[in-house]
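Look over the chain below before reading on.

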Amino acid sequence: MVSSRCGSVCSEEGCGQGCCQPSCCQPTCCRPTCCRPTCCVSSCCRPSCCQSVCCQPTCCRPSCCRPSCCISSCCRPSCCRPSCCVSSCCRPSCCRPQCCQSVCCQPTCCRPSCCISSCCQPTCCRPSCCISSCCRPSCCRPSCCVSSCCRPQCCISSCCRPICCQTTCCRTTCCRPACSSCSCC
């Protein structure tokens, strides 16, 4: 039964489990014991209530950017921080340097702002991520054979293109028919 104190007057004494209803969701009652879906309103979006049960769009704000609340409904640019960089939040809206971690290295986040060494993986080998920091053998694919990535470790058959026929790539492993137009072959 709901306590008689759970009306329009939400006192500190009435902020218990029996008082967690929308009429009592006021800043004075925002405590972990009252974090349930019926109380997930903007007035109660505080760090003490940042639990998975309260992760709703109305509570997606920087003060609630915690791993327990990093779900698809709360993936917003305001919550793109290292503590919220989990696989469920790896979306284009969160492709920022502060969220560029290995857990977020997915094709949906392959953009220049996230092209760092920790994200240089085959899933991100696309032109938007072909920069010097990501030039490694695991990313030597035709989609990443651009002048910025023409390095010796990428001199393989899949990267034998005229655009990569430079002095740095002049080695026997790259002298193949596909590279016959190169000046070094």
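What follows is a short report on a predicted model.

## Overall make-up

The protein chain has 185 residues. Its secondary structure is quickly told: 0 helices and 0 strands. Of the residues, 37% count as buried.

The accessible surface comes to about 9,000 Å². Carbon and sulfur atoms hold 56% of that surface. How far along the sequence do the contacts reach, among pairs at least 6 apart? In the protein chain, 0% of those contacts join residues at least 24 apart.

## Disulfides

How many disulfides does the model contain? The count comes to 7. A disulfide is a covalent bond between the sulfur atoms of two cysteines.

Take C70 and C84. They form a disulfide, with 1.9 Å between the sulfur atoms. The angle about the S-S bond is -130°, and the link of C70 and C84 is left-handed. Are these two cysteines buried or exposed? C70 is buried, because its relative accessibility is 4% and the cut-off for buried is under 20%. C84 has 1% relative accessibility, so C84 also counts as buried.

## Further links

C80 is joined to C94 by a disulfide, S to S 2.0 Å. This link is left-handed, with -105° about the S-S bond. C80 has a relative accessible area of 3%, so it counts as buried. C94 has 2% and is therefore buried.

C95 pairs with C109. Their disulfide has an S to S distance of 2.2 Å. C95 is buried, because its relative accessible area is 5%. C109 is buried at 2% relative accessibility.

## Around V41

Which residues does V41 touch, leaving aside its neighbours within four places in sequence? V41 is in contact with C25, T58 and C59. Two of these partners, C25 and C59, are cysteines.

V41 has a relative accessible area of 27%, so it is partly exposed. The value falls between the cut-offs of 20% and 50%. Q56 lies 15 residues from V41 in sequence. In space, V41 and Q56 are 8.7 Å apart, C-alpha to C-alpha.

## Around S138

S138 is partly exposed, because its relative accessible area is 36%. That value too sits between 20% and 50%. With neighbours within four places in sequence set aside, S138 is in contact with C120, P122 and C125. Among these partners are the cysteines C120 and C125.

How far is S138 from C154, in sequence and in space? They are 16 residues apart in sequence. From C-alpha to C-alpha, S138 and C154 are 8.9 Å apart.

## In brief

The predicted chain has 0 helices and 0 strands, and 7 disulfides. The cysteines C70, C84, C80, C94, C95 and C109 are buried. V41 and S138 are partly exposed.

Technical notes:
Residues numbered from 1 in each chain as written. Predicted model: local features only at pLDDT ≥ 70, side-chain atom pairs only at ≥ 80, totals over all residues. Heavy atoms only, no water. Disulfide = S-S within 2.5 Å. Buried < 20%, exposed > 50% of the residue type's maximum accessible area, 1.4 Å probe, protein only. Contact = heavy atoms within 4.5 Å. Helix = DSSP H or I, 4+ residues; strand = E, 2+ residues; numbered from the N terminus. Areas by Shrake-Rupley, 256 points an atom, 1.4 Å probe, with all protein chains shown as cover.
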